[in-house]
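Open the model in your viewer and follow the stops below. Each one says what to select and what is there.

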Amino acid sequence: MILKQTSLSNPIEEKIAWAQHCYQEFGDDLLKEKRLVDLLADLKAAVDASRREMALTGIVEICRRCDQEEGGSCCGAGLENRYDGWLLLINLLLGVKLPKTRQQTNSCFLLGKNGCLLMARHVICINYLCKKITDIIDPHTIMDLREKESEEANTLFVLHENIKTVLRK
Ligand code: SF4
Ligand code: SF4
């Protein structure tokens with residue numbers, strides 16, 4: 001496969017364009033690799049499990065109120081720069097539609113009207129809990145959530161490395 005270069009330091013629009021190019025050129029081949037298909041399914045299951053746990057703990061509701069009623073969302077402009085083309089490609093393989101423009105000036109490029117647009121998120125986005133949350137939620141509950149999140153982050157790491165290996169063959 002002839003792969004164009006991508007760099008973490010490129011602007012997000014260029015990294016999205018790179019991911020879309022790879023998806024169009026190689027998406028079908030990647031989705032024929034059983035190892036990748038299994039890892040994508042594992043990642044989706046891990047994401048669903050962490051999100052269920054977040055909803056059960058009440059964190060989803062706290063964040064919704066913070067974002068929509070208190071103006072305190074933590075998804076600020078610039079956080080999109082943590083994402084590389086590979087992570088964006090994984091989102092395309094999971095059926096996510098990546099944005100063409102930033103929806104709110106001071107917010108992350110990847111934030112939509114109803115929250116984050118991504119399914120596969122950077123470990124910083126997976127793990128982040130502000131003090132407002134850690135002050136309210138019981139530490140044991142947070143530990144249970146951390147276990148689910150580490151499953152999500154580990155699966156994502158393995159998938160990330162496997163996709164690179166396949167595409168660089
Ligand atoms: S993590 Fe904290 S700052 Fe971020 S949206 Fe939730 S409550 Fe608000
Ligand atoms: S959770 Fe999503 S919207 Fe928020 S900073 Fe991370 S990528 Fe951006």
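**Stop one: a helix and a glutamate**

This is a predicted model. Select E149, which is found in helix α7, residues 139-167. Is E149 buried or exposed? E149 counts as buried because its relative accessibility is 1%, and the cut-off for buried is under 20%. The side chains of R146 and E149 are joined by a polar contact of 2.7 Å.

**Stop two: two tryptophans**

How many aromatic pairs are there? The count is one. Select W18 and W86 to see the pair. Their ring centres lie 5.0 Å apart, and their planes meet at 65°. An angle over 60 degrees counts as edge-to-face, so that is the class of this pair. Next, look at where the partners sit. W18 belongs to helix α1, residues 12-30, and W86 to helix α4, residues 85-93. W18 is buried, at 6% relative accessible area. W86 is also buried, with a relative accessibility of 6%.

**Stop three: the ligand**

Select ligand 1. Which residues surround ligand 1? They are C63, C66, G72, C74, C130 and I133. What kinds of residue make up this shell? Five are nonpolar, one is polar and none is charged. Finally, show the space that ligand 1 takes up: this is the largest pocket.

Notes
Residues numbered from 1 in each chain as written. Chains lettered and ligands numbered in written order. Predicted model: local features only at pLDDT ≥ 70, side-chain atom pairs only at ≥ 80, totals over all residues. Heavy atoms only, no water. Near = heavy atom within 4 Å. 1 Å grid on protein atoms, 1.4 Å probe; cavity = no way out; pocket = protein on both sides within 12 Å on 5 of 7 lines; lining within 4 Å. Sits in = over half its atoms within 2 Å of the grid points. Nonpolar A, V, L, I, M, F, W, Y, C, P; charged D, E, K, R; others polar. Phe/Tyr/Trp six-rings, centres within 6.5 Å; stacked < 30°, edge-to-face > 60°. Helix = DSSP H or I, 4+ residues; strand = E, 2+ residues; numbered from the N terminus. Buried < 20%, exposed > 50% of the residue type's maximum accessible area, 1.4 Å probe, protein only. Polar contact = N/O pair within 3.5 Å; in protein donor to acceptor, adjacent residues only side chain to side chain.
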